[in-house]
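Dear colleague,

Please find the structure we discussed placed directly below. I would be grateful if you would look through it alongside the notes that follow.

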Amino acid sequence: MCCEIFHAVRRKKGRYWDVLTCFKHTLSVAEEREEQPMSDCLFCKIIAGEIPSSKVYEDELCYAFYDINPQAPTHFLVVPKAHIQSVSAVTEENAPVVGHIFAVIAKLAEELGFAGPGYRVVSNIGEAGQQSVPHLHFHVLAGRDMTWPPG
């Protein structure tokens, strides 16, 4: 089953899976070390500077960078620096970083000039939600009309 998930996501998401091995195996490691930097996590490597990215914003709690496969004229991701697997792993203890991320998104929307026209914030959770990297992240999309329903 794991290899089927890997190949399906690899075809759909391309370069993300060049670094990761298998969603299900990576997921089980993430559950054991939920908020620790992971040596095999793509986003942890981007945050650490081991993999290049086009940085939008950085502070002590989060990092924002442009998506390598943009789905809108403006498309970037905002990730916590602490390794949190997904929205499903948000707890009372780590929830303040999520609130901080949303404040950063609002600030960037103003600074980048798309707060007025509007934008979309998306987080995919788990394999059925098409989460391609098991590290909490929020896609910020702007610059075009968003369709509904999504997906």
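The notes below cover the salt bridges and then some features of the backbone.

Please bear in mind throughout that this is a predicted model.

Salt bridges

A search of the whole structure finds two salt bridges. In general terms, side chains of opposite charge can pair when their charged atoms come close. One of the two bridges joins the side chains of Lys55 and Glu58, with 3.2 Å from N to O. The other brings together the side chains of Glu58 and Lys81, at 2.8 Å from N to O. This second pair links distant parts of the chain: Glu58 belongs to strand S1 (residues 55-58), whereas Lys81 lies in the loop between strand S3 (74-80) and helix H5 (95-112), 23 residues apart.

Backbone features

Which two residues are joined by a cis peptide bond? The bond in question connects Trp148 and Pro149, and its omega is about 5°. Pro149 is found in the segment after strand S5 (138-142).

Pro150 is likewise placed in the segment after S5. Its relative accessibility is 44%, so Pro150 counts as partly exposed. The C-alpha atom of Pro150 is separated by 9.9 Å from that of Val122, and the two residues are 28 residues apart along the chain.

A further point concerns Gln130, which has a positive phi of about 65° although it is not a glycine. Gln130 sits in the loop between strand S4 (119-122) and S5. With a relative accessibility of 30%, Gln130 is classed as partly exposed, because this value falls between the limits of 20% and 50%.

With kind regards

Note on methods. Residues numbered from 1 in each chain as written. Predicted model: local features only at pLDDT ≥ 70, side-chain atom pairs only at ≥ 80, totals over all residues. Heavy atoms only, no water. Helix = DSSP H or I, 4+ residues; strand = E, 2+ residues; numbered from the N terminus. Buried < 20%, exposed > 50% of the residue type's maximum accessible area, 1.4 Å probe, protein only. Salt bridge = Lys/Arg side-chain N within 4 Å of Asp/Glu carboxyl O.
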